[in-house]
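Subject: Handover of a structure

Dear colleague,

Please find below the structure that I am handing over to you.

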Amino acid sequence: MHHERDGFRSRSGFIIACIGSAVGMGNIWRFPMLVSTWGGLTFLIPYFIFVVLIASTGVIGEFALGRAGGAGPMGSFGKCTELRYGKRKIGERIGYLPILGSLALAIGYTCVMGWIFKYTFMSFSGGLFDMGQDMDAIAGTFGSTASAWGANVWIIVAIVISFGIMSFGISGGIERANKVMMPVLFVLFVALGIYVFTLPGSSKGYSYILTINPKGLLDPKLWVYAFGQAFFSLSVAGNGSVIYGSYLSKDECIPSSARNVAVFDTLAALLAAFVIIPAMATGGAKLNDGGPGLMFIYLVNVINGMAGGRIVGIIFFVCVSFAGLSSIINLYEAPVAFLQEKFGMKRVPATAVIHAVGCGVALCIQAIVSQWMDVVSIYICPLGALLAAIMFFWVGGKRFVLESVNLGARKPIGNWYYPMGKYVYCACALIALIAGAALGGIG
């Protein structure tokens, strides 16, 4: 099984691909809604605290675990149990769970990508702009898209594009695609932000983002939501970060890579908030209704009412399709790599099998996709993160953890890292799981 594994060609390629996996729908339709609901800085302060905490423990841990195992969750968990108990099998079996979680989330995401590609096409063809600000037409279009068998063609388009990129492998496909999509995404988002800034009424949006309500900070629910969003946004779930870490060369500094991913992911979320909240303010729209409706209904209405709305719509949906696509290829990667590791399949057949499964299931679950995504993001992802944390910090043990993290590091990580990961981060992952279940949905 020791064939030469594909990997990222460059450090920047790895970081950009990880940023791509982290920047997704959570940044675009959930983050602005939470900022809006909880009141600007009141939400941002706890959110920033949690991003720092999770990036400096969990993100570093998952990258290091994947690189040390030289494999996805199955092989990496197996390596941990082999070190501790001399048996690979236990860890490998536990590793199936985050792989299934990754596939389940990818399938839900495929439905959403279908909607996004449809809207991107409509923004170019003019169909989106022609609806004007007729809320019945806008809501009706989304209602028919997000219904049973409502986006069949577009789901197939999403699958074909994802399959096309992933067939070229890690460096030739995923790295190359992200190197185009991520810079374009950031540049276009900044351009949109500048345009929205020039519109009358947008200042209300900025002052709202910058407000702070000290009383609100005392609400424990706020901290739970901020925590859940940070967890979900950094895409720590014991799958995507582990598999991308496994393609990382031995001389890369993992702590600095993790820091870069956290910084750019947060930047993308803030950019989205600084585009969407002021844009909604210019249209006098309320924003504390999140989810797909925010992007596919309310925002379409606001964009169509702007000067140059047709162009704004095109730019916005191109950004969103890049954000979604970079996430979906990360989510499909863990199951694809699993087929390669477990059955020795070649890259293209493995990718084809997983995408065929993804396509079939995605077509069938269109009517229940939001409930599907809820179950996966509330239960399966935090559970995957918790399992990866237990495997790395508790089963792998101190020596393994510090060796894995410090390999290639410019300076060794401090003594704080191991206890922080072992106790604080593992407790956090457990809290995310319990709180998510209790509140019925954070992700």
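The notes that follow go from the whole chain to single residues.

This is a predicted model, in which local features need pLDDT of at least 70 and side-chain atom pairs count only at pLDDT 80 or more, while totals for chains, interfaces and linings use all residues. Residues are numbered from 1 along each chain as its sequence is written, and side-chain values use heavy atoms, with hydrogens and water left out.

The whole chain

The chain contains 20 helices and zero strands; here helices (H or I, at least four residues) and strands (E, at least two) are DSSP runs, numbered from the N terminus. The radius of gyration of the chain is 21 Å, close to the 22 Å that the globule rule gives for 443 residues, so the chain is as compact as a globular protein of that length. That radius is taken over C-alpha atoms, and the globule rule is 2.2 Å times the number of residues to the power 0.38. Along the principal axes, the C-alpha atoms fill a box of roughly 65 × 50 × 40 Å.

Of the 443 residues, 60% count as buried. Buried means under 20% relative accessible area, exposed means over 50%, and partly exposed lies in between (1.4 Å probe, protein chains only). The chain exposes about 16,800 Å², of which carbon and sulfur atoms supply 68%; accessible areas come from the Shrake-Rupley method with a 1.4 Å probe, and for residues only the protein chains shown count as cover.

Among contacts (heavy atoms within 4.5 Å) with a separation of 6 or more, 83% join residues 24 or more positions apart. As for charge, the chain has 29 positive and 18 negative side chains, and the centres of the two sets lie 7 Å apart. Lys and Arg count as positive and Asp and Glu as negative, without His and the chain ends; each charge is placed at NZ of Lys, CZ of Arg, CG of Asp or CD of Glu.

Residues in helices

Cys18 belongs to helix α1 (residues 11-22) and is buried, with a relative accessible area of 3%. Not counting residues up to four places away in sequence, Cys18 touches Phe63, Tyr244 and Val261. The C-alpha atom of Cys18 is separated by 34 Å from that of Pro214, 196 residues apart along the chain.

Thr266 sits in helix α14 (residues 254-282). Its relative accessibility is 9%, so Thr266 counts as buried. Leaving aside residues up to four places away in sequence, Thr266 touches Tyr47, Phe48 and Val51. A polar atom of the Thr266 side chain lies 2.7 Å from the backbone oxygen of Ala262.

Pro349, in helix α17 (residues 347-364), counts as partly exposed because its relative accessibility is 40%. Between the C-alpha atoms of Pro349 and Ala268, 81 residues apart along the chain, the separation is 34 Å.

Residues in loops

Which value does phi take in Trp149? Phi of Trp149 is near 60 degrees, a positive value in a residue other than glycine. Trp149 lies in the loop between α8 (135-145) and α9 (152-167) and is exposed, with a relative accessible area of 52%.

Ser235 is in the loop between α12 (220-233) and α13 (240-246). Phi of Ser235 is near 50 degrees, again a positive value in a residue other than glycine. Ser235 is buried, with a relative accessible area of 16%.

Notes. Polar contact = N/O pair within 3.5 Å; in protein donor to acceptor, adjacent residues only side chain to side chain.
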